[in-house]
Each structure stands twice: as C-alpha cells, then as structure tokens.
Amino acid sequence: MTMKKPDYQKELDDVIAGIAGQRIPKLFLHCCCAPCSSHCLTYLSPYFDITVFFYNPNITDKAEYEKRLAEQKRLLAELPLLGKVTLQPGKYDPESFFRIAQGLENLQEGAERCRRCYELRLRETAQKALENEADFFGTTLSVSPYKNVGALNEIGKNIESETGVTFLPADFKKRGGYLHSIELSRHYNLYRQPYCGCIYSFEQAKNRHKL
C-alpha cells in the first residue's frame, strides 16, 4: 500500500485556522534571504507576530553574508506587512557549518550535508524561540524548489519533540508561493543569489552558471 505524502501546506493552514480568534502568537522565523522571505512574510504576517531570524553560518563569504543581510533589512523596511515583524540577526559563525559538513564536502547539493545544515539552522532558531518565549519556530527554506521539504519538516518536528517549542510546518512553494517570491523580488529589485551560500554549492553553481 502506497503511503500518502504529507501535505505540509495543509498542515500550515490547519495551524492558522486553529489560532483564529485567539491572541496573536509569536513566531521565530528562520530566513535565509530576502527573496525567500518575501512571500513567506506576506503569507504569515496577518496571523503571527514575527521575529525574522537571519541565521546562516553556511554563507562562507563574509561580504556575501553582509549583502544578504542588508537586503533582508531593506525588504523589511519597504514591504507592506499586516502584522508586527522585527529582525534579529543571528551570530555569523561559519565554523559551525564547517564542523557539521566535515567529511561531506564532495556531496552534491541536496544530500546529507544539506540536511545537516537544515538541522544546524533550525536548532538555533528553536533555541532562540525558547529564549524569547515564542510560541512557534519555522523556516522560509521550503519556498525554494531546491530544498527538501520533507527533510525540513521532519527535522523541525524532531526538534519540537526535544525542545517543546512548536514547529510551524510549511511548504511555502505551493499555491504559487515560489512564483510569488520571484514577482516580489523583481518588484523590490532584490538581490537573488545563484547558490545557497556555502563554498561547496558555490563551486557547483560555477559549473552550472559559469560564475
């Protein structure tokens, strides 16, 4: 018997329906970049008080990291949102990424190295959510068609069971979410990077895009 795939977008809808009419909950939302966060924030801001947590130690080059953070700040200043949204940059600590990537440097993007990177960033997001007494933690990563949505949600739910902070399930690319992020990126003239951030994906991207 074939197992039905989880519908993470439906799970998100159910969470939103469940909080309707209650106090607005706090969400600690890991954001990888301004383009990915654009759709997610417009989708979620009517329902949550959101702290945008920019934590991306996988970005190897410091100038690239600062450029993406600056774009995130600019987007939040220019994007009209219905709810309260604030920014909290995380620590820039590329060594933490290199530690979890050790021995996996030659794997293709999307393999075990990426899964460990998801977990690194989601664990830190959950920890900050705990410290700030947030009700939920989540990530914008699922808006990308290049990210493993099943792995993201599985890792998030495992961390929820360990920490007690509720993980917000999502598949933000569904229902035109990815296309909406592209439209918003064009409208706000956002910098759209051609690789995830780490030196390994950069080398692979050079071969694909002739960087």
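## Helix assignment and histidine 39

A helix is a DSSP run of H or I covering at least four residues, and helices are numbered from the N terminus. Histidine 39 belongs to helix H2. The model described here is predicted.

Histidine 39 has a relative accessible area of 7% and is therefore buried, the cut-off for that class being under 20%. Once its neighbours within four places in sequence are set aside, histidine 39 is in contact with Val143, Phe172, Gly177, His180, Ser181 and Leu184.

## The largest pocket

The largest pocket holds about 540 Å³ of space. Helix H2 (34-44), helix H7 (177-187) and helix H8 (199-209) are the elements that each give two or more residues to its lining. The most comes from H8, which gives three residues.

In total, 24 residues line the largest pocket. Those that lie nearest its centre are Ser144, Tyr146, Lys147, Gln193 and Tyr195. By residue class, the lining of the largest pocket consists of eleven nonpolar, seven polar and six charged residues.

The whole structure contains 15 salt bridges. One of them joins the side chains of glutamate 11 and lysine 157, with an N to O distance of 2.7 Å. Glutamate 11 sits in helix H1 (residues 8-19) and lysine 157 in helix H6 (residues 149-163), so this pair ties together parts that are 146 residues apart in sequence. Glutamate 11 has 25% relative accessibility and so counts as partly exposed. Lysine 157, at 32% relative accessibility, also falls in the partly exposed class.

A further salt bridge links arginine 175 to aspartate 13, and its closest N and O atoms are 2.7 Å apart. Because arginine 175 lies in the loop between strand S5 (166-167) and H7, while aspartate 13 lies in helix H1, the pair ties together parts that are 162 residues apart in sequence. Arginine 175 has a relative accessibility of 60% and therefore counts as exposed.

Glutamate 64 and arginine 68 form a salt bridge in which the closest N and O atoms are 2.7 Å apart. Both residues lie in helix H3 (residues 62-78), and they are four residues apart, about one turn of the helix. Glutamate 64 is buried at 10% relative accessibility. Arginine 68 is likewise buried, at 2% relative accessibility.

Salt bridges also link Glu71, Arg74 and Glu78 in a network.

## Backbone positions with positive phi

Most residues other than glycine have a negative phi. Glutamate 133 is placed in the loop between helix H5 (112-131) and strand S4 (136-139). Its relative accessibility is 65%, so glutamate 133 counts as exposed.

Asparagine 189 also has a positive phi, near 55°, in a residue other than glycine. The loop between H7 and H8 contains asparagine 189. With a relative accessible area of 63%, asparagine 189 is exposed.

A disulfide is a covalent bond between the sulfur atoms of two cysteines. The count of disulfides in this structure is zero. For cysteine 117, the closest cysteine sulfur is that of cysteine 196, at 6.3 Å, which is too far for a bond. The cut-off applied is 2.5 Å between cysteine sulfur atoms. Cysteine 117 is buried, with a relative accessibility of 6%.

Cysteine 198 is likewise in no disulfide. The cysteine sulfur nearest to that of cysteine 198 belongs to cysteine 196 and is 4.1 Å away. Cysteine 198 has 3% relative accessibility and so counts as buried.

Definitions and conventions:
Residues numbered from 1 in each chain as written. Predicted model: local features only at pLDDT ≥ 70, side-chain atom pairs only at ≥ 80, totals over all residues. Heavy atoms only, no water. 1 Å grid on protein atoms, 1.4 Å probe; cavity = no way out; pocket = protein on both sides within 12 Å on 5 of 7 lines; lining within 4 Å. Points joined across faces, edges and corners; volume = space filled by probe spheres on them. Nonpolar A, V, L, I, M, F, W, Y, C, P; charged D, E, K, R; others polar. Buried < 20%, exposed > 50% of the residue type's maximum accessible area, 1.4 Å probe, protein only. Contact = heavy atoms within 4.5 Å. Salt bridge = Lys/Arg side-chain N within 4 Å of Asp/Glu carboxyl O.
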